[in-house]
Amino acid sequence: GIVLGIESSCDETAVALVTTEREIVSQRIASQIEAHAPYGGVVPEIAARAHAEKLAPMIAEVMDEADLELADLDAIAATAGPGLIGGVMVGLVSAKALAMASDVPLIAINHLEGHALSPRLADASLEFPYALLLVSGGHCQILRVEGVGQYRRLATTIDDALGEAFDKTAKILGLGYPGGPAVEKLALEGDAKAVPLPRPLVGSGEPHFSFAGLKSAVMRAQQSGEHSDADLAASFQQAAIDCLLDRLRVSLDASEPMPALVVAGGVAANAAIRSALEGFAAKHDMRFVAPPMALCTDNAAMIAWAGAERLALGQSDPLDFVARPRWPLDPEAEPVRGAGA
Ligand code: ATP
Ligand code: MG
Ligand code: FE
């Protein structure tokens, strides 16, 4: 089977055709980085408008490249949340219109499920259950992935997501938006031990994350004028890694053993974090799986693949499916202090 995937929940307009045999047949990604850069972050109104302009021609391009008609598709999968609601609605409404016109089933995808299942697109041997560290611009969670649609949240952040902390640190260091890749690059030239920074919640018996205090400490250290930007970047990244590993240890200790540790989401593109996680997995007798960089940050192949996984289970959604600005992967999870989904 073949699935068209559409992603428009943030600042990437993306379209992809993926087969149930894990082949990415064709894909397009249009980043809006330049449109948002002057504002230092994503402006929802600008994002929605850009998605609306770019999406239709991009869909036509991937279909042309694959030499397919809409009626040849087995499903149309679109991100239906969580995210910036204007953009999500542009993608979802487009998918509904195409599905209705061609009588192809619609599959409404949770963007976070796209990230969560992306490692299975890249690696056919990855089976359920697995431990998932989901680290992105809006989320920082540890989940037990038991199957498609079956997620148990073991930990979340009580304030900022890790990607957000990278972006804020980048801003403090004058590196601009988006910040993660810039901080990672600068950190290569710095000394990770140079700046004493806190490791919020490390040592706590509760498994959750907190990054707001770390970001504030980076700000104060920068203002002191005592450190180079490279040392600040490297020390921040090391503090973040120490938090990740400690919080993972607590979460996994409290859960049934899982054979694999999987990382997904935009921050999973960070090579230092990947290598620290690889070491952690080896120490805990777990297999380590990370999707290739291009599948870590927002893309439509992961949305098409989540659609393919649901299609294989015989699932589809009604054409009146409503876009969701908030949509936790584990709706049963207890809310924690100040935390988002
Ligand atoms: P969500 O998936 O939670 O809705 P999002 O879609 O905005 O949020 P992603 O696109 O998955 O998030 O990830 C973007 C985030 O990843 C940004 O915060 C960015 O700074 C971060 N990021 C990207 N590359 C790197 C890197 N090399 N190192 C650290 N962070 C990175
Ligand atoms: Mg993005
Ligand atoms: Fe994302």
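Mentor: Two strands pair if DSSP finds at least two bridges between them. Strands (E, at least two residues) and helices (H or I, at least four) are DSSP runs numbered from the N terminus. The model is predicted: local features need pLDDT of at least 70, side-chain atom pairs count only at pLDDT 80 or more, and totals for chains, interfaces and linings use all residues. Residues are numbered from 1 along each chain as its sequence is written, while chains are lettered from A and ligands numbered from 1 in the order in which they are written.

Trainee: In β8, which residue is the bridge partner of V145?

Mentor: Strands β7 and β8 (residues 150–155) pair in the antiparallel sense over five bridges. Within this pairing, G147 stands opposite Q150. For V145, the bridge partner in β8 is Y151.

Trainee: Which residue in the turn between β7 and β8 has a positive phi?

Mentor: The two strands form a hairpin with two residues between them. A phi of about 80 degrees in that turn belongs to G149.

Trainee: How many bridges join strand β6 to β7?

Mentor: A hairpin joins β6 to β7 through four residues. Within the pairing, L134 has Q141 of β7 as its bridge partner. Strand β6 (residues 130–135) and β7 run antiparallel, and the number of bridges that join them is six.

Trainee: Why is strand β7 described as largely enclosed by the rest of the structure?

Mentor: A residue is buried if 20 or more other C-beta atoms lie within 10 Å of its own, exposed if 12 or fewer, and partly exposed in between, with C-beta atoms placed from the backbone. Strand β7 covers residues 140–147. It is largely enclosed because, of its eight residues, the number buried is six.

Trainee: Which residue in the turn of the β2 and β3 hairpin has a positive phi?

Mentor: Strand β2 (residues 12–19) and strand β3 (residues 24–31) pair in the antiparallel sense over seven bridges. Here T13 has A30 as its bridge partner in β3. Four residues lie between the two strands, and the one with a positive phi of about 75 degrees is R22.

Trainee: Which element gives the largest share of the shell around ligand 1?

Mentor: A residue is near the ligand if its C-beta atom, placed from the backbone, lies within 6 Å of it. By this criterion 24 residues surround ligand 1, the closest being G137, G138, G163, G180 and G266. The elements that give two or more residues are α4 (111–122), α5 (162–172) and α6 (180–187). The largest share, four residues, comes from α5.

Trainee: How many residues of the shell around ligand 1 are polar by class?

Mentor: Ala, Val, Leu, Ile, Met, Phe, Trp, Tyr, Cys and Pro count as nonpolar, Asp, Glu, Lys and Arg as charged, and the others, Gly among them, as polar. The shell has six nonpolar and four charged residues, and the number of polar ones is 14.

Trainee: Why do the buried residues of α6 line one face of the helix?

Mentor: In α6, the buried residues are G180, V183, E184, L186 and A187. Seen down the axis of α6, they line one face because the directions from the axis to their C-beta atoms fall within an arc of 170 degrees.

Trainee: Is H115 buried or exposed?

Mentor: H115 lies in helix α4. Leaving aside neighbours within four places in sequence, H115 is in contact (C-beta atoms, placed from the backbone, within 7 Å) with L134, S136, A264, G265 and M302. Because H115 has 29 C-beta neighbours inside 10 Å, it counts as buried.

Trainee: How many other C-beta atoms lie within 10 Å of D298?

Mentor: D298 is placed in the loop between α10 (293–296) and α11 (301–312). Not counting residues up to four places away in sequence, D298 touches E7, C10, E12, A14 and G266. D298 is buried, and the number of other C-beta atoms within 10 Å is 26.

Definitions and conventions:
Contact = placed C-beta atoms within 7 Å.
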